[in-house]
Amino acid sequence: MIRLKNVTKQYGKIKALDGVNLEIGAGEMALLVGSSGAGKSTLMKLLYREERPSSGSIVIGNIDVSSLSDSKIPYLRRRMGIVFQDFKLLPHKSAFENVAYALRGLGAEEYEIQKRVSGALNLVGLLERAFNLPSELSGGEQQRVGIARAIVQGPPLVIADEPTGNLDPATSIEIFNLLSKISERGTTVLVSTHNQHIVENIGKRVITLDKGRVTSDTGPIIRSTGLAQGLKR
Amino acid sequence: MKEIRIIWRTLQEALSSIKAGGFSNVIVISILAVALALFGGVLQLNSSIKQISQNLDTQLEFSIYLLDSAGPQEIANEISKNPKVDKVEIVTKDVAWERFRKKFQFSDIAGNPLPNTIHVNIHKPEYLQEVIKEVKTLAGIEQISYAPELFNGLERVRTILFSFGVLITLILAVGTITIVSNTIQLVIKSRSLEIEILRLVGVDDWFIRGPFIFHGIFYGLIASLLAIVPLVLLQQTVWGSFQASFKTIMPVTFNFDSGADLGVIFVILSLTGILVCGLSSFLTTQKYIGT
C-alpha cells in the first residue's frame, strides 16, 4: 500500500528525513514513533503531498506521490483520510455537517451524503450526537468526528498525525481502539504517536524514527490482536 | 448532474463567503459603485457630446451676418440663384433684436448691436463648403457661422474630457482592484480552516476558489447596478435642460436625439465591474489558495 524508497527531505541544511525505506501493506496498522523533531510529521506530510521529498520515491497504491503534479493532489487525497492532532473541525457546523462538508465539495448526492455520514458517525459511536456543535462535544468526541470525516469516503488509507496528542490517556485508548477497528475492516492505518503506553500495549507494528532515520521496525504483525487486547483502561 | 450540484454548492459557499465579508461588503461596493459611476459618467458625457457634434456635422444650414452697409435682400437674391441652395430666410436686425429681447427679457439698452442675418438651407451636407466659398465672394458679408466649425470645437473638447475621464477611471480602477483584492484576502483568511480542510480531503481547486471568485463578481454586479442610478437621474434632469439652453444659444437649429444610450452604458459598466472584480478575486485566490 505504502512504499518509500530512500526518501530524504531537506529544509535548507537540515535533514528532516534521511534515506527512509519503508513498506506498509494493505490493511495493516502501523505506529510511527519518535521524539519531537524525529521526522514523523514530515513523513506524514510527504504521504499526503503537503510536501515533496528532496529525493527518493513514495508510492501509495499505484500513485507515485513523489512525482505527482500539483493538479493531481486532490485525486491522491480522495484516496486517503487524514486525522489531525487539533481535530480541524469547523466550529459553526454540527458533527454531521463537519463530516458531510467534504462530500458536498466532491459533488456527492444528498441521499448518498446522508447514508455515508450516518454510517461513519455510527462507526465512531457518535450518531446520537450528530447535530451537536464541536463546542458541545468532549475532546475525544471531537476527534471521533475527525476520524468519521477521514473514513466517510471509504478510503483505503487513513493517516493520523498525533491523533491523541491533545487527549487524556483513557480517551487516547478509545481513539486507538477505534483506529484498530477501522484497520480490521481492511483499511491501512498509519498513526504517528509518542504515547509510549499505547505503543507498548497495542500489539501493532511499530516503526521508530530518530533524527530522520528509521532506527527500528518491528515489521508487520501477522497475528490478529483483535481490538488491541493489551489496551485496557 | 454532479457538475450542476457542485456549481450550486459553489454558489452556496459564495453566499457564505459574502456573509463572512460583513460590513466590509458595503464599503467595497460603495467605493466600487462610485468608481463605476464616474466611468459611466465619462461614457455618458462622451456619448452626448458625440451625438451633438455628429448632429452638427450633418447640418444643412448656415448663417450669414451682414455688414450694416449691405442690403440683405440683394444678397439673399444672389444666393438663391445657386441650385444647391434650398431656402433662404432673412432675419433683419430689428426682428433679431426683438426676438432677443423677448427671449432674454431685456429692457432697453442703447442701440441695436445685432447684424442683419441670412439663414441659408442647402440640399445636401456635402454642398456646404462649396456654397460657403461662393457666398464669401459676395460683398457686405461680415461673418459666416456654420455647424462644422462647432463640430470641430466640440470634438476637441470631447477628446480632452474623454482622455481626462479615462485617466481618472484608470487610477480609480487600480485603487478598486486593490480594495477588492484586500477584502477577498481577508475573507480567505477568515475561512482558512475551511479551505485547509477542503484541500486536505481532496476537493478540487476550483471548488475551493470558486466561491471567492463569485464573491468578487457579486461586488462588480451590485456596484454596477448602483452606479447606473445616478446616471439615469442625470440624464433625466440635466439632459433636458441642457437641450433647451443649447438650442437657445446655437446660431443654427437642429434636432437632438434622446441622449446617451444608458442601456449600452449599463452593459459596459456591468461587464467592466464583473471583469475587474472577478479577475481581482481570481488573482487573489491564485496567490493565497492556489496549489
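A residue counts as buried when its relative accessible area is under 20%. By this cut-off R9(B), with a relative accessible area of 7%, is buried in the predicted model. R9(B) belongs to helix α1 (residues 2-21) of chain B and E110(A) to helix α4 of chain A, so the pair joins two chains. The two residues also belong to a network of salt bridges that includes E97(A) and R104(A).

The rule finds four salt bridges across the interface of chain A and chain B. Ten residue pairs are in polar contact between chain A and chain B, both residues being at pLDDT 80 or more. On the side of chain A that touches chain B, the elements giving two or more residues are α2 (73-77), α3 (95-105) and α4 (110-123). Of these, α3(A) gives the most, with five residues. By class, this side of chain A has 13 nonpolar, four polar and nine charged residues.

The contact takes 26 residues from chain A and 19 residues from chain B. The size of an interface is often given as the accessible area lost when the parts come together. Chain A and chain B bury about 2000 Å² between them. Carbon and sulfur atoms carry 57% of that area. In chain A, the residues that lose the most area to chain B are R77(A), K88(A) and Y101(A). Together they account for 28% of what that side buries.

Over all chains, the structure holds 24 salt bridges. One of them pairs D70(A) with R49(A), with the closest N and O atoms 2.8 Å apart. This pair links distant parts of the chain, 21 residues apart. D70(A) lies in the loop between β5 (63-64) and α2, and R49(A) in the loop between α1 (40-47) and β4 (55-60) of chain A. D70(A) is partly exposed, at 31% relative accessibility. R49(A) is buried, at 5%. In chain B, the side chains of R191(B) and E194(B) form a salt bridge (2.7 Å, N to O). Both R191(B) and E194(B) are buried.

Chain A averages a pLDDT of 89, and 94% of its residues score at least 70. Among its elements, helix α5 (residues 139-151) has the highest mean pLDDT (95) and helix α7 (residues 196-201) the lowest (81). Over residues 223-230 of chain A, pLDDT stays under 50. For this stretch the model has twelve contacts beyond four places in sequence. Where pLDDT is low, the predicted coordinates should not be read in detail.

Technical notes: Residues numbered from 1 in each chain as written. Chains lettered and ligands numbered in written order. Heavy atoms only, no water. Contact = heavy atoms within 4.5 Å. Buried area = accessible area lost by both parts, 1.4 Å probe. Polar contact = N/O pair within 3.5 Å; in protein donor to acceptor, adjacent residues only side chain to side chain. Helix = DSSP H or I, 4+ residues; strand = E, 2+ residues; numbered from the N terminus. Nonpolar A, V, L, I, M, F, W, Y, C, P; charged D, E, K, R; others polar. pLDDT = per-residue confidence, 0-100. Buried < 20%, exposed > 50% of the residue type's maximum accessible area, 1.4 Å probe, protein only.
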